[in-house]
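Q: Can you walk me through the ligand site in this one? Then I want to go over the domain annotations.

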Amino acid sequence: MLGGEFLQRDESANAIFTPEGLSSEARLMGRTAEEFLKKAVLPHVERIEAHDIELMAELMHQAGDLGLLGAEVPVAYGGFGIDNCTGALIAEKLNWQQSFALSHEAHTVIATLPLQYFGSHALKAKYLPKLASGEWIGSFGLSEAGSGSDALGAQTRAELSPDGQHWVLNGGKMWITNTAFAQLFTVFAKVDGEKFSCFMVEAGTPGLSYGKEEHKLGMKGTSTRRLILENVQIPVENLVGEVGKGHYAAFCALNMGRFKLEAGAVGGIKETLAVCATYANQRKQFNRTLGSFGMIQAKLGSICARLFALESAVYRLAGALDSVFEGIDPTADDAPQRYHHAAEEYAIECSIVKVVGSELYSWATDEAIQIHGGYGYTEEFPVARAWRDQRLLRIGEGANEIVRPIIVNTLLRRAKQGRLDLSAQLSTCGLKRAGLQLLQLLVETFGAALAEEQEALGAVSDIISAAYCYESAALRTEKLKGTPQENARLCTALYLHESQTAALALASLVLTRCHADPATTASVLAELQPDSTTDTIALRRLLAGTVLNGERYPFG
Ligand SMILES: Cc1cc2nc3c(=O)[nH]c(=O)nc-3n(C[C@H](O)[C@H](O)[C@H](O)COP(=O)(O)OP(=O)(O)OC[C@H]3O[C@@H](n4cnc5c(N)ncnc54)[C@H](O)[C@@H]3O)c2cc1C
């Protein structure tokens, strides 16, 4: 199925990738990442949290030595050329020290991919092997003091030198991860103040300097600084792709970044759940363990169910991405077009996992602090750090207020282009059918003024996102039938019920806003009715019981 098509029709279980399908090679890479995190990173949490940037640089180089920085770089440029499914597993396994995970993601995804996708062969040959080995660390400079969400509003300029041999860059970048120890910056600037373009800038180039480290809420171990560019001269061949096409590089990298950050979130939420289960088994109040109380079980059960849905969606997306990236020759002349097409195809699904994953991570770590009570509010347990760190995910790589509209706007744009037929109601899934009906209602009601209806668009985007995650969970459950993990069906049943309940409120908001007639209102709400015989309290208790017994997430 191509990007966005899931909304029109139902997918079959055999057509989707699930984490159970990870190859032995992928699992081996996952274990390497897991071992590295356990042995090299986690023992140094205190130093990382104390902002020991030299240590972070050292850890990044060590990760490079193990192949964890170049895993996804094509073999032709010094990497291992692994697929997105394996990449997702690595991100998952590295997440429990989120400062390290962010430094890793900034290097491997947003700093490396613009060059890998759009750079000339010569430029790739010059820099990719160094990035792949970890000899050089990369950094991505898009945001500016005056332009974050509105990234294309950047003020940094690039001018061609009179002899045509150099680009001369002037301006400033803000919030740039890895700055202190990066040797290579992927920088976006406007040629002649107009044409948004992408450049590779080496550290040490005269005129390039850095601001002080930012004092942040979380991600204390990452280096986050301003870049100051004053007449920075770089070779003319350090332009990535074409003048005026820098937005392709930025948005493709951000799409993949959204997918990768949330693959990481899957790992972080798994650890959060495990830590909570252990604590809830040990801590006693009123002569009973916390885990024996219904309200604590409700939290554990819901986190588990939503995590199952998120994990299913992330790996389904990873498999879909692999299908479009497969067969691209990174050295061929048409590589940039093919990479562009591949990284753009699943923009809707990348955006869905970004919003769902970051918000689940926020909610799960918040509840984790609650389960730990006062101890959760201290540094004695890792949940306070996890809560602080994950907060960035709702802001970075497209704040969720920017990403939600991308979901619906991309659907509408593709419908206009004839890539999707949103008028066809071919799905049997109520969440999908309601999402489509509401989207059409919004278009009919507001027409050209639709962009100003952000609240309603956000509501529809959430229903569509829930539909994707629910279907991913349901199809995976189908595949797990007859296996020891078949009680994943409890997660799917609970996730459906919770999603429908939330969707009813969201749909009501949209229907009221559109002054929908009674027949339309009844038809949409009927699609979202949860099964009144489903005892969700019992489902949460059952799931919590499994989590508490194993003191871990039971499905992966
Ligand atoms: C720790 C950290 C690391 C980072 N690393 C990097 C990096 O390596 N490279 C890089 O280039 N950038 C990086 N960033 C920057 C990050 O991508 C931006 O912070 C983010 O894109 C948001 O931009 P902003 O901070 O300017 O917020 P703004 O764009 O000012 O947004 C503020 C709020 O307004 C909302 N908003 C804005 N526009 C709209 C709209 N049209 N509709 C509705 N709501 C809207 C936003 O969603 C947000 O909630 C990092 C940031 C942090 C904090």
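**The ligand and its surroundings**

Q: Where does the ligand sit?
A: The ligand sits in the largest pocket. A pocket is an open set of points on a 1 Å grid over the protein atoms alone, where a 1.4 Å probe fits, with protein on both sides within 12 Å along at least five of seven lines. To sit there, more than half of a molecule's atoms must lie within 2 Å of the grid points.

Q: What kind of model is this?
A: This is a predicted model, where local features need pLDDT of at least 70, side-chain atom pairs count only at pLDDT 80 or more, and totals for chains, interfaces and linings use all residues. Residues are numbered from 1 along each chain as its sequence is written, and side-chain values use heavy atoms, with hydrogens and water left out.

Q: Which elements give two or more residues to the shell around the ligand?
A: β3 (166-177) and α13 (400-416). The largest share, three residues, comes from β3. Helices (H or I, at least four residues) and strands (E, at least two) are DSSP runs, numbered from the N terminus.

Q: How many residues surround the ligand?
A: 16 residues surround the ligand, counting any with a heavy atom within 4 Å of it. The closest are F140, S143, S149, W175 and E401.

Q: How do they divide by type: nonpolar, polar, charged?
A: Eight are nonpolar, five polar and three charged. Ala, Val, Leu, Ile, Met, Phe, Trp, Tyr, Cys and Pro count as nonpolar, Asp, Glu, Lys and Arg as charged, and the others, Gly among them, as polar.

Q: What does the side chain of S149 do at the ligand?
A: An N or O atom in the S149 side chain is 2.6 Å from a ligand oxygen atom.

Q: And the backbone of F140?
A: A backbone N or O atom of F140 lies 2.8 Å from a ligand nitrogen atom. For L142, a backbone N or O atom lies 2.9 Å from a ligand oxygen atom.

Q: New topic. What does UniProt place at residues 139-232?
A: The unreviewed entry gives "domain: Acyl-CoA oxidase/dehydrogenase middle" there. UniProt annotations may be inferred rather than shown by experiment. The span is 0% helix and 50% strand.

Q: And what does it list for residues 244-411?
A: "Domain: Acyl-CoA dehydrogenase/oxidase C-terminal", also from an unreviewed entry. That span is 77% helix and 2% strand, with end C-alpha atoms 25 Å apart.

Definitions and conventions. Polar contact = N/O pair within 3.5 Å; in protein donor to acceptor, adjacent residues only side chain to side chain. 1 Å grid on protein atoms, 1.4 Å probe; cavity = no way out; pocket = protein on both sides within 12 Å on 5 of 7 lines; lining within 4 Å.
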